[in-house]
Amino acid sequence: MLISEYFTLSARQAEQFAQLDALYRDWNGKINVISRKDIDNLYEHHVLHSLAIAKLLPFQPGSTILDVGTGGGFPGIPLAILFPECRFTLIDSIGKKIKVATEVATALSLTNVVCKQERAEEEKQKFDFVVSRAVMPLPDLVKLVRKNISSSYRNAVPNGIIVLKGGDLKEELRPFKDAEVTPCSTWFKGEWFETKQVIYLPL
């Protein structure tokens, strides 16, 4: 299995990752959360891509993470499988997408996941990290979620935002001198990852 090439998984985690294919195919047939032509690339383009965040920062047990604009559950659900001792809150403003994320989390018995239909500006809780996958330009995301970053931290780096992005980010990153950009190809093989990056911004 692709994920186990890059991560050491328990038997339970391997089983949960294996279940994702059937779950997302089933739900995607009812509610389109992954483009029809991309569902065959689920593990590379969606699951492994989400886990680039885990390569950048293996979250400490007890960490709290907010996934903004999760869609059908990315990057939140793959991260929640990998870090069962962390707590994940997945939000999206579109109800049917959150329904898919909720149903997948339930089917996998992920007790460390809460899914909510809401906009980022409505979320009031504090978290160690906000994660997101190409939902909006970074300056816009920072404005919305700065209020949600907890001031006390437990991980190897200060709390902040970790986002997955592709393409030329020069303009987007101009206001953020302390943003750190790491290519996904640092960890993962394959042409698809050559244009994908993980950005960490301490806040």
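Which residues do ring pairs link into a cluster?

Author: This is a predicted model. In it, ring pairs join Y6, W187, F188, W192 and F193 into a cluster. The count of aromatic pairs comes to 7. One of them is the pair of Y6 and F188, whose ring centres are 4.9 Å apart and whose planes stand at 75°. Planes over 60 degrees apart count as edge-to-face, so the pair of Y6 and F188 is edge-to-face. Both residues, Y6 and F188, are buried.

The two partners come from separate stretches of the chain. Y6 lies in the segment before α1 (11-30), while F188 lies in the loop between β6 (180-183) and β7 (196-202). The pair therefore ties together parts that are 182 residues apart in sequence.

W192, a member of the cluster, also has a charged neighbour: K196 lies over the face of W192, at 4.3 Å from the ring centre. An arrangement of this kind is found at W27 too, where K30 lies over the ring face at 4.1 Å from the ring centre.

Next comes the largest pocket. Its volume is about 330 Å³. The lining is made up of 20 residues, and H46, G69, F74, R133 and A134 are the closest to the pocket centre. Both α2 (42-50) and β5 (160-166) supply at least two residues of this lining. Sorted by class, the lining holds 7 nonpolar, 8 polar and 5 charged residues.

F74 is joined to P75 by a cis peptide bond, with omega at about 5°. P75 is placed in the loop between β1 (64-68) and α4 (76-82). A134 has a positive phi, near 50°, in a residue other than glycine. The place of A134 is the loop between β4 (129-133) and α6 (138-145). With a relative accessible area of 53%, A134 is exposed, because the term applies over 50%.

Another positive phi in a residue other than glycine belongs to S109, at a value near 55°. S109 is found in the loop between α5 (95-107) and β3 (113-117). At 45% relative accessibility, S109 counts as partly exposed.

Notes
Residues are numbered from 1 along each chain as its sequence is written. This is a predicted model: local features need pLDDT of at least 70, side-chain atom pairs count only at pLDDT 80 or more; totals for chains, interfaces and linings use all residues. Side-chain values use heavy atoms; hydrogens and water are left out. Helices (H or I, at least four residues) and strands (E, at least two) are DSSP runs, numbered from the N terminus. Buried means under 20% relative accessible area, exposed over 50%, partly exposed in between (1.4 Å probe, protein chains only). Rings of Phe, Tyr and Trp (its six-membered ring) pair if their centres lie within 6.5 Å; planes under 30 degrees apart count as stacked, over 60 as edge-to-face and the rest as tilted. A charge sits over a ring if NZ of Lys or CZ of Arg is within 6 Å of the ring centre and within 35 degrees of the ring normal. On a 1 Å grid over the protein atoms alone, a cavity is a set of points where a 1.4 Å probe fits but cannot get out, and a pocket is an open set with protein on both sides within 12 Å along at least five of seven lines; lining residues have an atom within 4 Å of a point. Grid points are joined across faces, edges and corners, and a volume is the space filled by probe spheres set on the points. Ala, Val, Leu, Ile, Met, Phe, Trp, Tyr, Cys and Pro count as nonpolar, Asp, Glu, Lys and Arg as charged, and the others, Gly among them, as polar.
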